[in-house]
Amino acid sequence: MDPADVPGLTMHTVTEGETAGLHAHAVYPSVSDAPLLTEKLHRTITEELRSFNQANKGQTVVPHPEFNVDWQLPTVSTQVLGVNLNIGKTVDSHWSEERTTVWYDRVDKRVIDSVGLLKDRAALGEFARLARERLSRTNSGITPETITADAKLFDSLAFNRRGDLVAEFDDRQVRTAPLGRVAVAVPAAKLRGLLSPTGERAQRSAVEIGAGIDHRAERMAKYKEYAALPPAQSAAYGSVDCTKVKCVALTYDDGPGPGTGRLLDTLNAQRARATFFAVGTNSIAHTALLRRIMREGHLVGDHTWSHRDLTTLDDSRMGDQFGRAQCTLGRAIGRHPGLVRPPYGAVNDRVPPVAKQYRLALVRWNVDAKDLETRDPKAVADRVVSQTRPGSIVLMHDVGGTAEKATPEILRRLRDKGYTFVTVPELYGEAGMQPGQVYDSGAGPRSVVSASGS
């Protein structure tokens, strides 16, 4: 399901853990008529994050331990709503993913775990038998005997467009060696008499919607379509000559979020422009905000799809992070976002060549507001104002709220010092910014070095 088509859907971002030297970023959806679902998703993610933080306390290795949550909507209708969470984390220096799907029955107004799609314990046992039987026919190396009637094993169930019930398993859950995503589909014809009323509603909805999940081949075609768009540019580009005036580029990461609209109000009231590096999993539900950002003279940049540390990914997965975000942003603003902020500022020698393939210049920063580490707007404003120099790129976030509250003071004090607020490309004037190059400030591109932050 396309989240942009779901009325009342907003996004929540959880970033606790970054202050401890860990890389943590989680986004999950909230729908206005399903507060119980929001509570369940929040509780699931925060408990997983708390456990991750405890397990990695004091870790200083590079790459840093990472926690990340991606999501999608397997089915949305007037009767049911499903949310699938893909919870990834570093375990013993290896990346591991857990999958869980939570359902909200809009008829009965209750939240259920995936096994609630099945009628009872006996139905779960029969479903496990059917799944085991189908897996035994494969040459996947999975031991079928591991498939038992365990609710924890079947915590991610959803229907495909044919009405088959698909179970997906966590990494190493049904096989010791890493195998990637493992799933099995039990045909709709085998499910008669096994489904609960909620399960029957979810199955009907999945079949009626029919569009199903956006498959990789279709996504790749969209990547090419949106990558061919003309580059995004501030509507006010060229109105300021940063070789003659003191310029600073304020940047905001991780949104759009609940406070982005208020932040835009503040910037516009002060006639200040900024650059917003948007995460795909947030942007997909807030396309109107992205269009407003561009309409009001600011600039939208790419902050990848789900905020993964790019240095830990192979080239294919790195490209998927760029491409999926570009597709979402390009569809919203009608332009190709030519800038990307690598999550956590993490860049190694493999990242620039892939960014170049996607026509992206890599933007980091030389002033870190550290607004995710404090709730004190004055401390954030003091830090930014004291460190800013002509050509500075300032890192802040339009989630969390602290930067939003600090921005009026930052604008006032820097303007008193003679600064003009521009988008990042305006710092470079006629020289422009080149895809695959790394930019830390208005002084020009830099060689690749490690960084950590946003």
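Predicted model: local features only at pLDDT ≥ 70, side-chain atom pairs only at ≥ 80, totals over all residues.
A nonpolar core is a set of buried Ala, Val, Leu, Ile, Met, Phe, Trp, Tyr and Cys residues joined through side-chain atoms within 4.5 Å; buried means under 20% relative accessible area, with a 1.4 Å probe and protein chains only.

Residues are numbered from 1 along each chain as its sequence is written, and side-chain values use heavy atoms, leaving out hydrogens and water.

Now follow Ile410. Setting aside neighbours within four places in sequence, Ile410 is in contact (heavy atoms within 4.5 Å) with Leu250, Val380, Ala381, Val384, Val385, Met396 and Phe421. Ile410 also takes part where two helices meet: Pro377, Val380, Ala381, Asp382, Val384 and Val385 in H10 touch Thr402, Lys405, Ala406, Glu409, Ile410, Arg413 and Leu414 in H11. By class, this contact has 8 nonpolar, 1 polar and 4 charged residues, where Ala, Val, Leu, Ile, Met, Phe, Trp, Tyr, Cys and Pro count as nonpolar, Asp, Glu, Lys and Arg as charged, and the others, Gly among them, as polar.

How do the two helices sit together? Helix H10 (residues 377-387) and helix H11 (residues 402-416) pack at an angle of about 45°, with their axes 8 Å apart. Helices here are DSSP runs of H or I with at least four residues, strands are E runs of at least two, and both are numbered from the N terminus.

The loops are worth a visit too. Between strand S10 (246-253) and helix H5 (260-269) you will find Pro256, joined to Gly255 by a cis peptide bond with omega about 0°. His307, in the loop between strand S12 (299-302) and helix H8 (315-333), has a positive phi near 70° although it is not glycine. His307 counts as buried, because its relative accessibility is 0%. Tyr344, between strand S13 (339-340) and helix H9 (351-357), has a positive phi of about 65°. Tyr344 is buried, with a relative accessible area of 0%.

Key
Buried < 20%, exposed > 50% of the residue type's maximum accessible area, 1.4 Å probe, protein only. Axes fitted to C-alpha atoms, helices over the stretch in contact; angles between N-to-C directions.
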